[in-house]
Amino acid sequence: MESSILLKLFGLLEATAGHKDGRPLAELAAEVGLAKPTAHRILKTLVALGYMERVGNGVYRQTQRIRRLVSDADDRRLVRAADKPLRDLWERSGETVNLGTLRQGKIVYLTVLESRQPLRRTVSPTMTDPFACTALGRAIAAYLPDERLAYLLKTTPLEKRTPHTVVDQTALKKLIAATKVTGVATEEDETDLGVMCVGAPVFDRSGVAAAVSLSAPTARATAASRERWAEWVKATAEQITARLTQPAED
């Protein structure tokens, strides 16, 4: 038991706790009693999972993602920061507006403001969808660190929700890359037939934290409305980002 990977992993987590500037690999390995290659392998996995980050040559520190394992404080802060911008977008567009975050290859919906119109997609908070076929998921994935994105794509099965769902890795990578160029992600008929969605990333001080999306029946999605919605969603995400990147209140 003493040599188990779990003890080694938690030893490294404890050794990096409270060190905002990070600690060198050699120092961590010595403190936990590991060979440098073993410590490097574990830390590399933690980086890929988003729980650690490299901040210099061989220096590692914990990310905010660690805190989300034991507290929902970050989710509450996200929801509070997003409340007014999301409601403004909902009133302005008349369509369903969502706030979601990425967990274990799934998008978890934190806020859902449903359209008042009878024809709409119904989703409730805490529901999940695959990241790969949603505008929310693609918007977040586009801004993940390279190692974490590679790990996500490697370990997450691509679920074919509809006949139009993109399940080819190469095609999905191109869609994610395109999202980073335009700042918005789109999908149509990939999560649910007859529904399109446009999403944009939300950032906090540690990186991409969530995404905002607007979903609507394709029957209401004209070329003009799609362009307008993309602009509004991107602006809404930027407003939430501005709120999240302000200094934390005491």
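Is strand β8 mostly covered or mostly exposed, and how many of its 10 residues are buried? In this predicted model, β8 is mostly covered, with nine of its 10 residues buried.

Six strands, paired in the antiparallel sense, make up an open sheet in the order β6-β5-β4-β9-β8-β7. The edges are held by β6 (128–130) and β7 (185–188); each has a single partner strand, so one side of each is left without a neighbour in the sheet. On average, neighbouring strands of this sheet are turned by 30° against each other, direction ignored.

**Partners of β8**

Strand β8 spans residues 195–204 and pairs with β7 as well as with β9. Both pairings are listed in the table.

| Pair | Sense | Bridges | Residues between the strands | Opposite residues |
|---|---|---|---|---|
| β7 and β8 | antiparallel | four bridges | six residues | E188 and M196 |
| β8 and β9 | antiparallel | 10 bridges | two residues | P201 and A211 |

Each pair forms a hairpin, β7 with β8 and β8 with β9. In the turn between β7 and β8, D189 has a positive phi of about 65°. Within the pairings themselves, E188 stands opposite M196 of β8, while P201 faces A211 of β9 across the strand pair.

Methods. Residues are numbered from 1 along each chain as its sequence is written. This is a predicted model: local features need pLDDT of at least 70, side-chain atom pairs count only at pLDDT 80 or more; totals for chains, interfaces and linings use all residues. Side-chain values use heavy atoms; hydrogens and water are left out. Two strands pair if DSSP finds at least two bridges between them. Axes are lines fitted to C-alpha atoms, for helices over the stretch in contact, and angles run from 0 to 180 degrees between N-to-C directions. Buried means under 20% relative accessible area, exposed over 50%, partly exposed in between (1.4 Å probe, protein chains only).
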